[in-house]
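Please keep the structure in view while reading.

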Amino acid sequence: MKHILYLAGGSSRRFGANKLLHPLDGRPLYRHGLEMLARLVRARDDCTLTVVSRYDAVLAGARACGANAVYSPQSEKGKSYTIRAGLDALQLQADDYIVFMAADQPYLTEKTMARLLDAAAPGVHCARVCFGARPGSPALFSASLAPALRALRGDEGGRALLMRPDCVLIPADAARELRDIDTPEQAHNAPRRTQKPGK
């Protein structure tokens, strides 16, 4: 089984407000990725979707989309706390995989996420999305790496684990899929989402 953890608990310090609730093309920023993942999970029988957040509006949105919702009040202390809260909510088996996706990537497509999920296979320890030579997120980890993920501290993510020479690179179809929204200027200048759902 592949367990998708949608990380939506950050403090948005560079944004100056809760960027996840900032409107982008008529919807809160977090809804773009959430709705894409919800469609993907409904079409497959090999994955689950869990949203980890400390924001009531995000957790309510997760439940409305049929996702598991995990309250993570310590997420304000850093990304590692959100990761641990998500892992604590899972019942991992030895052959499971965990996918981490941040809630500020509105342009990621179902096609790219499906490629990442399909990379899970015996012998694969980790994989990440890239565009050309540029590595990015989301990322996939074998359950065997869960102890190392639990050991992360502060605002540390799984980047160091993705430096393994055997990390599988999954190509995105467009550079903007790797784009995240960190500032009001980026949100204001963000291109409109012209793609139809699922494309």
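## Backbone at Asp25

Asp25 sits in the loop between β2 (23-24) and β3 (27-28). The model is a predicted one, and in it Asp25 has a positive phi of about 55° although it is not a glycine. Most residues other than glycine have a negative phi. With a relative accessible area of 29%, Asp25 is partly exposed, because that value falls between the limits of 20% for buried and 50% for exposed.

Ser137 and Pro138 are joined by a cis peptide bond, with omega at about 10°. Most peptide bonds are trans. Pro138 is placed in strand β8.

Ala133 belongs to the loop between β7 (126-131) and β8. Its relative accessible area is 82%, so Ala133 counts as exposed. In sequence, Ala133 and Leu169 are 36 residues apart; in space, their C-alpha atoms are 9.6 Å apart.

## The largest pocket

The largest pocket holds about 1,200 Å³ of space. Its lining is made up of 40 residues, and those nearest the centre of the pocket are Lys79, Ala102, Asp104, Asp155 and Asp180. Two or more lining residues come from each of β1 (2-8), α3 (79-88), β6 (97-102) and β8 (134-142). Strand β8 gives the largest share of the lining, seven residues.

Sorted by class, the lining of the largest pocket contains 15 nonpolar, twelve polar and 13 charged residues.

Rolling a probe the size of a water molecule over the atoms shows where empty space is left. Two cavities of 30 Å³ or more are present in the structure. The second largest cavity has about 30 Å³ of space.

The residues that line the second largest cavity are Phe15, Lys19, His22, Leu24, Leu29, Ile181 and Ala187. By class, five of the lining residues of the second largest cavity are nonpolar, one is polar and one is charged.

## Confidence in the model

How high is the average pLDDT of the protein chain? The average is 92, and 94% of the residues score at least 70. Over residues 194-199, pLDDT stays under 50. For residues 194-199, the model has eight contacts beyond four places in sequence.

Notes:
Residues numbered from 1 in each chain as written. Predicted model: local features only at pLDDT ≥ 70, side-chain atom pairs only at ≥ 80, totals over all residues. Heavy atoms only, no water. 1 Å grid on protein atoms, 1.4 Å probe; cavity = no way out; pocket = protein on both sides within 12 Å on 5 of 7 lines; lining within 4 Å. Points joined across faces, edges and corners; volume = space filled by probe spheres on them. Helix = DSSP H or I, 4+ residues; strand = E, 2+ residues; numbered from the N terminus. Nonpolar A, V, L, I, M, F, W, Y, C, P; charged D, E, K, R; others polar. pLDDT = per-residue confidence, 0-100. Contact = heavy atoms within 4.5 Å. Buried < 20%, exposed > 50% of the residue type's maximum accessible area, 1.4 Å probe, protein only.
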